[in-house]
Amino acid sequence: MLDHLNVRPAKPTRVVIIGAGGFVGGAIRKQLDADGVTTLPLSRQELDLLADGSSAKLKGLLRATDSVVMVSAIAPAKTVSMLMQNLKMAETVCAALADREIAHLVYISSDAVYVDDANPVTERSACAPSTIHGMMHAARELMLKSSTEAPVAMLRPTLIYGAADPHNGYGPNRFRRQAAKGEPIAIFGEGEERRDHVLVDDVANITASVLAHRSAGALNVVTGVSTSFHDIAQIIAKQYGVQVASQPRPGPRAHLLHRFFDITDCHKAFPTFHYTPLAEGLERARTASS
Amino acid sequence: MSKPVIGFAGMTHLGINSAAAAAGQGAETVCFDTDATVIAQLKSGKLSIVEPGLPELLEQNNSRITYTAESGDLKRCGVVYISADVPTDDQGQSDLSGIRSLIDTVAAGLGRAAILVILCQVPPGFTRSLSLPKERLYYQVETLIFGRAVERAMYPERFIVGCAEPGRSLPQALQDFLSVFGCSILPMRYESAELAKISINCCLVASVTVANTLAELSERIGADWSEIVPALKLDKRIGPQAYLSPGLGLAGGNLERDLATVLRFSEATGSEVGLIESFVKSSRHRRDWVLRTLHTEVLAANPQAVIGVLGLAYKENTHSTKNSPSLALIAQLKPWRLRVHDPVVQASAAGHPEAAGCVTALEAAQGVDVLVIMTPWPSFRDLKADQLARAMTGRTIIDPYRVLDGKAVVAAGLNYFTLGAPPFRTAGRGTHA
């Protein structure tokens, strides 16, 4: 659950976005720009968190009145090497934060931190990741939280989709690209696994609200509606006029069959905010990518 | 041998009802409270609580009842019950300082042979920890139910009495008084009796949690929990009085207090309490059912919606709003305009800047986009679906306790949402009716 230090939303003095060149970081920057918030966007060109001296460089950039959004990650982290690189990146940020007072820290984490059998997942579900990616985010949450006296918000989005997604993972993003090429959308088996998918614009919107309220705590950035891959494929197939084709799974079925979320905490934290329905979000992604 | 005079210290909901029952069973009764204002109100026949049958019972037995703010008036009592409230905080932790102070006051003025009985809800170990002669100190389990307090006090199922040494006979005065009620008397160690009270509540919570868990599943798979409940109640292992009505989590404070007590003792002793933690988690989840339904069905599509709320009390037939699901809901509806009505509780209790108090339930429905029935007051059952449909601007009724007839509501052109059944919609997805 989030606690709002600003009961009424107020513009942050400046928001430093670490990882502003990425899919999610770029969307957050765009949202803050639209809201008229001053930002200092840092992509890998401006700040390579794995480079020597990057901690001192970041420290030199930070001011006591800054809000910081840490979204930079090598994701999804699938190997031990990627895990260690991500922790090294976080260590760089932690070292800068330890020596520099800031006003607020927002970390873009992941719902992968939760135990697999937590249905429905809430912010109080046990953090017991079963994947390297989830363990990476859980470790980074703890590292960052213990490195600053500033209020810290952990935002834990689920599967994010949007026109600019670079990963092309199984789901809305890959389905849309297949359909855009006029190919049938390939689903594994019956595509019965039900998951929650959130539009990147909504992730950016929630992040902006958290910054404006100077919120502390944890919030899942999820829609509360879980949809099967089959149904997602059907929505996209209809948008593009292509077929859906079932394929044999490339391996055993994923250990996590379905995942549902209870978004009551979001209703309480941001009562007037409502997530973009999946069909509408997919249509927006189609329009933006065409 | 003359009948003992029975005293009650603490004119709480528990104290007044217990005293009324004692008088109703023929005992001369002394009602004591340290607050002279409370006593003055009782003397004038004004009750600050709502309890069916209580005013009549007090009036019928008025000649046997003495109201007093002087502790010395308890000196003539053979048995004195401590019937104060034990307040809890948001985590269900008890504040025992008030009851300790009251016990000191009462004990100082007791007759030499008088029996002191702790009737309040206290944690295991409390009674034995008191520095009072144990042969005159007892603990008795109370099983008050708001709205049915008179019935429960007049016709108890049994008395559970905590003693220092359960092998010894009860003192004559206490035995004589309790025997009048004609039910079983179960003496046991102090700690057993204190834990028996908690055990009763844990069993009730278990039943309610089963009902809530399977009611939610019913909502999602097309079953109707209300059709299942009669089948369960006819099973002798479950029984006709089982708590199987789905609700909005635990409310009122007492059940939550007992769960918190078990969790605290577990932390101190290392006993396994995963089940109790599940009860707490389930209760928290179900409490927000209305909020989730409101957002999903109305507020996401209509950000300007006006919301009608019927009921503020934590349950019907009481003025109490402690842990009220209605107030918890209203606290999350700050951005919206509300119209509220409760037959007993004032609209100001809602604590909402945009809540308009309404004199009648139908008035509260006037012009609203959605009507939520948060307390199942009997009078709400008289509302007619077609009248509501005409009064409301919107088409949604959320009625967790099934106060209204869902089919009549749908027939009147409204969408209907209740616990334990799939949505009843007039059109669109998953129509149930």
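# Two chains and where they meet

In this model, 11 residues of chain B are in contact with 9 residues of chain A. The model is a predicted one. Together the two chains bury about 960 Å², and carbon and sulfur atoms make up 60% of that area. The points below start at the interface, then take each chain in turn.

**The interface**

- The size of an interface is often given as the accessible area lost when the parts come together.
- Here that figure is about 960 Å² for chain B and chain A.
- On the chain B side, Arg292(B), His295(B) and Gln332(B) lose the most area to chain A. These residues together account for 40% of what that side buries.
- Side chains of opposite charge can pair when their charged atoms come close.
- The rule finds 2 salt bridges across the interface of chain B and chain A.
- Lys268(A) and Asp288(B) meet through their side chains in a salt bridge, at 3.1 Å from N to O.
- Polar contacts between chain B and chain A come to 6 residue pairs, with both residues at pLDDT 80 or more.
- Which helices of chain B each supply at least two residues of the side that touches chain A? They are helix H11 (274–287) and helix H12 (289–299).
- H12(B) gives the most to that side, with 4 residues.
- By class, the side of chain B that touches chain A has 5 nonpolar residues, 3 polar ones and 3 charged ones.

**Chain A: overall build**

- Chain A contains 9 helices and 12 strands.
- Its C-alpha trace spans about 55 × 40 × 35 Å along the principal axes.
- A compact globule of 290 residues would have a radius of gyration near 19 Å. Chain A has 19 Å, so the value agrees.

**Chain A: a salt bridge between helices**

- Lys59(A) forms a salt bridge with Asp99(A), and their closest N and O atoms are 3.3 Å apart.
- Why does this pair tie together parts that are 40 residues apart in sequence? Lys59(A) lies in helix H2 (residues 54–61) of chain A, while Asp99(A) lies in helix H3 (residues 80–99) of chain A, so the link joins those parts.
- Over all chains, a search of the whole structure finds 28 salt bridges.

**Chain A: backbone details in loops**

- Ala75(A) and Pro76(A) are joined by a cis peptide bond, with omega about -5°.
- Where is Pro76(A)? Pro76(A) lies in the loop between strand S4 (66–70) and H3 of chain A.
- The peptide bond from Asn119(A) to Pro120(A) is also cis, and its omega is near -15°.
- Pro120(A) sits in the loop between strand S5 (104–108) and helix H4 (132–145) of chain A.
- Asn168(A) is not a glycine, yet Asn168(A) has a positive phi of about 60°.
- The loop between strand S7 (159–161) and helix H5 (172–180) of chain A holds Asn168(A).

**Chain B: overall build**

- Chain B has 16 helices and 14 strands.
- The radius of gyration of chain B is 24 Å. The globule rule gives 22 Å for 433 residues, which is close, so chain B is as compact as a globular protein of that length.
- The C-alpha atoms of chain B fill a box of roughly 75 × 50 × 35 Å along the principal axes.

**Chain B: helix H8**

- How many residues does helix H8 of chain B have? H8 covers residues 190–221 and has 32 residues.
- From first C-alpha to last, H8 of chain B reaches 47 Å. That is close to the 46 Å expected at 1.5 Å a residue.

Definitions and conventions. Residues numbered from 1 in each chain as written. Chains lettered and ligands numbered in written order. Predicted model: local features only at pLDDT ≥ 70, side-chain atom pairs only at ≥ 80, totals over all residues. Heavy atoms only, no water. Contact = heavy atoms within 4.5 Å. Buried area = accessible area lost by both parts, 1.4 Å probe. Salt bridge = Lys/Arg side-chain N within 4 Å of Asp/Glu carboxyl O. Polar contact = N/O pair within 3.5 Å; in protein donor to acceptor, adjacent residues only side chain to side chain. Nonpolar A, V, L, I, M, F, W, Y, C, P; charged D, E, K, R; others polar. Expected span 1.5 Å × (residues − 1). Rg over C-alpha atoms; globule rule 2.2 N^0.38 Å.
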